[in-house]
Amino acid sequence: MGSAPKPARPARAAALLAVLGLWAAHAPGEALPLWEFGFGVGGLFFNDYRGARSTHAYPAPVPYFIYRGRFLRADREGVHGRLLDHPNFELEISINATAPVFSRNSAVRAGMPDLRPTIELGPALLWHLWRSGDERLRLDIELPVREAFTVASPPQAIGAIFAPSLNLDLRPGGPLSGWNLGLLAGPLYAQQRYHEYFYGVAPQFALPGRPAYEAAGGYAGSQALLAVSRRFAAYWVGAYLRHDWLGGAVFDASPLIQQRSYWSGGVGFVWMIRASSTLVDSHE
C-alpha cells in the first residue's frame, strides 16, 4: 500500500488519494474487466513537511485506474510487472511526492528559500509473506528504493529514500463484505542530501533561535497508515489516516523540527467512467 498523490500543495493530496483509488474489492478468482477507470474528488489534511507544525486542508482530484494485464498490472499494489519468475515476489514501481513549502508562510523557515515540490521514483520489491486460504487476509513486505527530484527547471536530484514496510490487507466477509482494510507500518531512511534539503539551515540563514544546522543521512523516523475503501457498481469511496513518528531521527536536533508525533489523513470519492468489455481472471 502504498502509499503517496503530493506542483502545488493539492498535488500531495492527489498522490495519496490516488493510492486509495487503487483499492478495488473483488472475490478471489472472479472474472474482472481488463481495465477500468474513473475520476473523482477528495480532500486531505497534511503538514508542510514531516515535522512541521502547520497543517493545511485542500481539495484534490482523485484518479482511479486499474489494468489487469498478463505481464503488466496497475492495481492497488501499484504499477508492477511479472519480472521475477517466483510466486512470492514481484517487482513494481514505487512513486511518492512532497508538496512545496513557501517560507513566507512558515514562521520557522522565515527568510529561507522556498522548498520546491518533489517527486520520488524507483523500484520496489514486494514479498508475499502469507495468504489465507480464501485470500481475504494477506501479509506482505514491501522494499522500495526511490530517488527524489525537485519539480523545477532543471530538476535537481536530492537523494535516495528507503521505506521498507509491513503491509496487512483484510477483506472481511459478512455484513462488511466488499470493504477493504489496509494497514501499513515501517521505518524510513534517506541520504544526507535528502535530509539536508528539508531540515538543514545554512550559516547565512541562522538566526537567534534558529542556529545553523547540517543534517545527516540515516534513520528518518517511522510511519503507520490505516486505509479503508469500497468499490460499488458506479462509484468508489475511500479514506486513510497516517501517523508519523520522528523521535530518534538523525535530524531530530534540526531547529526546523516543530513536532515529532502527529496525524494526517484524507478522504476520496470516485465516479466510475468506463470499463473494458474484456474479462480476465483476477488471479492471472
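Predicted model: local features only at pLDDT ≥ 70, side-chain atom pairs only at ≥ 80, totals over all residues.

Here is a walk through the core and its surroundings.

Tutor: Happy to! Residues are numbered from 1 along each chain as its sequence is written, and side-chain values use heavy atoms, with hydrogens and water left out.

Of its 284 residues, 48% count as buried, meaning under 20% relative accessible area, while exposed is over 50% and partly exposed is in between (1.4 Å probe, protein chains only).

Now the core. A nonpolar core is a set of buried Ala, Val, Leu, Ile, Met, Phe, Trp, Tyr and Cys residues joined through side-chain atoms within 4.5 Å. The largest one here has 26 residues, and Y49, Y194, F198, Y199 and F251 have the most contacts inside it. At least two of its residues come from each of β9 (157-162), β11 (179-190) and α2 (192-199). The biggest giver is α2, with four residues.

Zoom in on Y199. Skipping neighbours within four places in sequence, Y199 is in contact (heavy atoms within 4.5 Å) with Y49, R50, Y213, L246, F251, S254, L256 and I257. There is also another core, apart from the largest one, with seven residues, including L44, F46, A99 and L184.

Next, look at D48, in the loop between β2 (35-47) and β3 (55-68). D48 counts as buried because its relative accessibility is 4%. Its side chain makes a polar contact with the side chain of S54, at 2.8 Å. A polar contact is a pair of N or O atoms within 3.5 Å; within protein, one must be able to donate a hydrogen and the other to accept it, and residues adjacent in sequence count only if both atoms are side-chain atoms.

S54 also leads us to N105: the two are 51 residues apart in sequence and 9.3 Å apart in space, C-alpha to C-alpha. N105 sits in the loop between β6 (89-98) and β7 (118-131). With 53% relative accessibility, N105 counts as exposed, whereas D48 counts as buried.
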